[in-house]
Amino acid sequence: MKTILETKELCKYYGSDENLVKAVDHVNLKIMQGEFVSIVGKSGSGKSTLLHLLGGLDNPTSGEVWVDGKNIADFSKEQLAVTRRRQIGFVFQAFNLVSSLNVWENVVLPVGLDGKKVDEGFVKDILRTLGLEKKEKNLPNTLSGGQQQRTAIARAIAAKPSIVLADEPTGNLDTGTGDEVIALLKLSAKKYGQTLVVITHNEDIAQMADRTIVIEDGKIVM
Amino acid sequence: MTTIKNLAISRLRFNKSRTILTAIAIMLTTTLLMGVGTSAEGILNINRQQALFNGNTHAMFKSLTQEQVKKLQNHKDVESIEINELFATVEYGKMNGFLVFHDVVKEGIYHGVGNLIEGHEAQKMDEICGPKSFFERIGVEPVIGNKIHISFRPGGKGRIETREFTICGILSENDVPGFDVSDTRIAYGASVSEALANAYIPDKERSYNTNIRVVGENRLNCDEIEKVINETAADVGCDKVNIILNREYLIMQTEMGTETKAVVAGISLIIILFSGLVIYSIYYVSVITDVQEIGKLKALGASDRQIKRLFLTEGFRISFFAVPFGLVFGYLIPYFALPVIFKEAMKVNTVADEVDRLHMFSAPVLALVVAAVFVTVYLSLIRPMKMAAKVSPVEAIRYQESSRRRKMRKGNKNVNVFRLSAANLVQNRRRTLVTMLTMGFSCVLFMSLAGTMNSMSTLDMARRNIKEGDFRLTLDYACNDKEYPENNLDQLSMRNLFSDAFVESILQIDGVQGVEREGGVLIGSDFSNELFEDGGRISLSWFEREDVKEYEDGMKAGKIDYDSMVSGNGVILTTVFYEMYGMLPGTVIPVTVYDGDRQFTMDVRIDAVSPVGGDHLLLLPREVYERLNLQYDSTVDLYISIDQNKYEEVKDALTEIADAEAYFRLYSMDEEMAMGRMSVSLIKYPMYLVLALVAVIGFMNLVNTMITSVITRKRELGVLQAVGLSESQLTKMLVGEGAIFTAGTLAASVTIGNLFGYLVFLKAKSTGFMSISRYHYPVVETIGLTVALILGQIAITYFIRHRIRKESLIDTIRCSE
Ligand SMILES: Nc1ncnc2c1ncn2[C@@H]1O[C@H](COP(=O)(O)OP(=O)(O)O)[C@@H](O)[C@H]1O
Ligand SMILES: [Mg+2]
């Protein structure tokens with residue numbers, strides 16, 4: 001199987017001297033295409049930082065991130081933006097949506113930014129899968145938390161990216177809804193052949209993954 | 001209380017860009033108000049100094065006896081008294097000289113000339129004090145201590161006496177006119193001592209011309225002062241004919257003041273209204289974007305009153321900081337600019353020669369400005385404060401900037417960057433609209449005035465004095481000079497100054513291509529109105545069939561039918577005051593025509609009213625005018641057209657001709673154009689300065705809206721970038737949002753702005769402001785405004801863009817977790 005995401009001696013430090021925080025410390029990681037990986041660890045252990053580095057949202061202090069066989073350090077800002085909208089889908093804990101756009105527009109946003117025509121059938125399919133087909137025209141502020149996260153997931157997969165990165169996507173949801181959202185995420189990842197990296201506190205969710213990575217003080221311990 | 005204060009301060013720190021913008025807006029408002037107030041104070045001061053140049057006397061009572069002067073001295077309404085007695089006439093060749101006895105009875109009267117500049121007043125019998133020219137005319141060097149022999153006739157009659165005097169003082173005088181004026185037309189006067197006057201004129205023959213000032217100059221208007229003066233005169237038994245009012249000064253002192261104040265009040269009101277709107281809009285925008293924050297405070301237990309006080313404290317804190325800067329700038333700008341402008345103005349105006357240091361600082365103005373700014377800030381805060389107080393704690397939990405009834409959005413199947421911008425503006429349409437309106441308003445204001453200012457054409461102004469050709473040689477005549485009837489047109493026309501031979505001599509000047517005559521004749525009437533009161537006369541001239549169009553353009557009432565006017569003695573009336581004079585179209589007026597020493601009567605019928613300018617109030621069709629068969633040549637103006645290459649030579653020749661005859665006056669196109677340019681720029685550039693400041697304030701508003709819109713969307717922008725919005729797309733989005741503002745603003749200014757502009761122009765035209773007559777579309781201004789708006793827009797966008805770039809993408813996303 002092909003390696004889709006790889007880090008080499010990846011480090012991200014904040015501050016200096018006594019205040020030096022090693023948020024990510026010499027992390028070496030390989031994630032295969034189609035794999036479902038969960039990342040767990042205490043609050044402040046560096047999970048989000050790692051995820052942001054994987055998605056090219058943040059620059060590492062040292063080390064490298066390889067996406068689909070390419071070192072993203074070689075990318076221009078523009079290329080990075082293009083990579084993000086074509087190859088990577090993000091889901092954050094909250095505030096995922098653009099408040100002035102309705103559900104449909106939010107979902108097709110990455111496609112639109114890429115200047116491509118929307119594959120309407122595909123988007124409809126995703127929305128149906130995620131149970132949002134009746135909410136197409138709703139503005140985000142009229143949706144429940146679960147619906148908002150589902151919309152964010154729909155957006156993350158609408159551009160048919162090869163990687164979906166999710167940072168505590170269920171953190172703001174009750175357990176039932178949270179499980180449901182993860183199930184949907186897993187389902188659609190399977191359906192569209194995507195690699196899934198999810199940060200979570202939730203043991204149950206971690207159990208669903210093919211592999212679980214445990215982080216402590218910026219280092220992978222397991 | 002301190003909690004609120006501390007919270008306010010930390011919010012001001014936190015929302016740094018908003019604080020700075022509000023501070024700039026408030027500072028500019030203060031600058032504008034202070035600038036206008038200070039300028040007004042300066043202009044009034046200039047006027048006052050100019051009036052003082054002519055003396056600050058209110059009136060002169062002629063030929064008072066000693067007793068009457070005593071009575072005046074004790075009169076409750078009289079503030080200052082100065083007496084002048086014509087002591088003797090000087091007998092020295094053809095010199096027109098006289099000696100006066102001058103005395104200050106009650107201090108307080110100033111003169112522009114005739115003030116002691118060296119030595120002292122004449123006290124002893126043989127002392128004399130006068131202007132240098134007096135002594136020079138007699139051939140004695142004007143140095144104190146020099147002796148001078150003068151022959152004089154006490155009281156202007158009787159025996160000629162000769163005495164030796166010692167020069168004891170030198171008085172200031174006007175500069176001697178540059179051109180040659182015949183010696184007999186200049187009067188030379190010097191003053192002698194009381195002792196001398198007592199020695200020659202018996203007490204009961206004394207006759208004093210008395211200058212007085214009455215009390216209450218600062219509180220009475222012109223009419224009221226005049227009334228006080230007349231009553232005072234009656235009290236001391238001074239005849240009405242012996243009262244000479246110093247009208248120019250009185251009007252300057254009273255009416256100019258109130259008029260200037262009215263103009264200043266008007267301008268200030270516009271500024272206050274406008275900046276109030278901008279400050280309001282800034283706070284309005286900040287409240288609707290602060291909803292969540294306010295919601296949190298309320299959830300923590302802040303009361304409505306505390307929320308209101310929070311905003312008020314913020315507003316006043318900023319003002320405390322911004323107002324002093326505004327006051328300083330507002331004072332300094334006119335402090336440096338006004339003397340320069342005034343100096344330029346002096347070049348065209350010859351009223352006063354020199355102005356002392358201008359006094360422009362006024363504590364009441366300062367206090368008023370400060371009060372006005374604080375009131376403006378308070379008023380513009382009222383509604384935003386109420387809105388803030390109404391925010392419910394629930395809003396804190398929702399993440400939208402305000403809970404809107406809108407739930408659905410039709411949206412588009414495809415999303416692109418432009419739709420993204422549009423969606424944001426639609427989502428925040430109240431904020432968008434308020435911003436567009438304030439921006440639009442400032443541009444509308446600009447365009448409104450630009451049209452009128454652009455119509456202040458130099459050529460139009462020059463053509464006011466020189467209707468056609470390049471020079472105008474005109475007769476400086478009077479209509480109603482009772483004391484010197486030789487100045488009146490009827491008498492002057494008998495001198496036939498514009499004889500055929502004279503006109504021929506002008507045509508002979510090398511370079512002169514043509515001379516047009518224009519004539520006028522005096523008429524009187526029994527028709528009862530102000531014009532003809534007390535035997536008043538006005539001048540009547542003619543117009544031609546070709547001129548009809550021009551008069552029709554400026555027509556106020558009636559109708560011009562040339563043929564019917566020819567057959568029915570129809571006239572055009574050229575004053576806007578036709579209603580006041582009771583001269584409505586259709587009125588038939590019996591007139592007496594004064595053709596030199598000959599008079600005859602006829603009836604004229606007012607057919608039309610068209611105040612297009614010119615010296616003559618009534619215009620007959622040329623045929624009718626010629627049928628009057630005037631015996632004396634009635635030419636009053638020669639319009640001379642020339643070969644432009646010989647301009648200077650012709651001007652020299654004509655100047656010589658004009659200087660040779662006291663009644664001639666020469667207008668030349670280059671001078672008129674220069675004066676026109678000057679008066680236009682005197683109005684135009686200060687106006688543009690005010691407008692530019694107004695525009696800057698309006699711009700603050702746009703900056704605020706755009707920055708707020710970015711700050712409040714930080715998270716969203718982060719999310720957008722995470723899903724793949726590239727930097728260039730982000731820029732495009734911001735440009736798109738700005739472009740919509742700019743387009744809206746531009747649309748408003750070229751439509752509403754131009755419409756208002758035309759209305760303002762019509763108004764200005766009807767009031768005769770700056771002799772505006774034709775509408776010139778403000779092309780340059782429109783282009784300038786468009787370019788400025790677009791450039792400003794781009795500048796803001798890049799500024800914001802730069803700020804976003806400084807923060808790393810991850811921070812914008814993190815602030816959401
Ligand atoms: N911008 C930053 N500046 C300084 N320290 C930071 C910054 N971002 C994160 N950190 C620190 O890095 C460490 C890892 O943070 P994070 O990756 O958010 O942890 P997690 O997501 O596992 O809770 C924490 O100690 C945090 O305080
Ligand atoms: Mg985290």
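Trainee: At what angle do H4(A) and H5(A) pack?

Mentor: This is a predicted model. In it the axes of H4(A) and H5(A) lie 10 Å apart. The angle at which the two helices pack is about 145°.

Trainee: Is the crossing of H4(A) and H5(A) left-handed or right-handed?

Mentor: The helices concerned are H4(A) and H5(A), with axes 10 Å apart. Their crossing is right-handed.

Trainee: Which residues of H5(A) make the contact with H4(A)?

Mentor: H4(A) contributes A:Phe122, A:Ile126 and A:Leu127. By class, the contact of the two helices has six nonpolar, no polar and no charged residues. From H5(A) come A:Ala154, A:Ile157 and A:Ala158.

Trainee: How much area do chain A and chain B bury between them?

Mentor: In the contact of the two chains, 43 residues of chain A meet 37 residues of chain B. Carbon and sulfur atoms carry 55% of the buried area. The area buried between chain A and chain B is about 3,800 Å².

Trainee: Which residue of chain B meets A:Lys77 in a salt bridge?

Mentor: Between chain A and chain B the count is one salt bridge. A salt bridge needs a Lys or Arg nitrogen within 4 Å of a carboxyl oxygen of Asp or Glu. The pair with A:Lys77 has N to O at 2.8 Å, and the partner is B:Glu727.

Trainee: Which helix gives the largest share of the side of chain A that touches chain B?

Mentor: The elements giving two or more residues to that side are helices H1, H2, H3, H4 and H5 of chain A. The largest share is seven residues, and it comes from H3(A).

Trainee: How many charged residues are on the side of chain A that touches chain B?

Mentor: Sorted by class, that side of chain A has 17 nonpolar and 12 polar residues. Its charged residues number 14.

Trainee: How many residues apart in sequence are the parts that B:Glu85 and B:Arg206 tie together?

Mentor: B:Glu85 and B:Arg206 form a salt bridge, with the closest N and O atoms 2.8 Å apart. B:Glu85 lies in strand E2 of chain B and B:Arg206 in the loop between helix H5 and strand E9 of chain B, so the pair ties together parts whose separation in sequence is 121 residues.

Trainee: How far apart are the axes of helix H11 and helix H21 of chain B?

Mentor: H11(B) passes H21(B) in a right-handed crossing. By class, their contact has 14 nonpolar, 11 polar and no charged residues. The helices pack at an angle of about 35°, and the distance between their axes is 6 Å.

Notes
Residues numbered from 1 in each chain as written. Chains lettered and ligands numbered in written order. Predicted model: local features only at pLDDT ≥ 70, side-chain atom pairs only at ≥ 80, totals over all residues. Heavy atoms only, no water. Contact = heavy atoms within 4.5 Å. Buried area = accessible area lost by both parts, 1.4 Å probe. Salt bridge = Lys/Arg side-chain N within 4 Å of Asp/Glu carboxyl O. Helix = DSSP H or I, 4+ residues; strand = E, 2+ residues; numbered from the N terminus. Nonpolar A, V, L, I, M, F, W, Y, C, P; charged D, E, K, R; others polar. Axes fitted to C-alpha atoms, helices over the stretch in contact; angles between N-to-C directions. Left-handed = near helix turned anticlockwise from the far one by under 90°.
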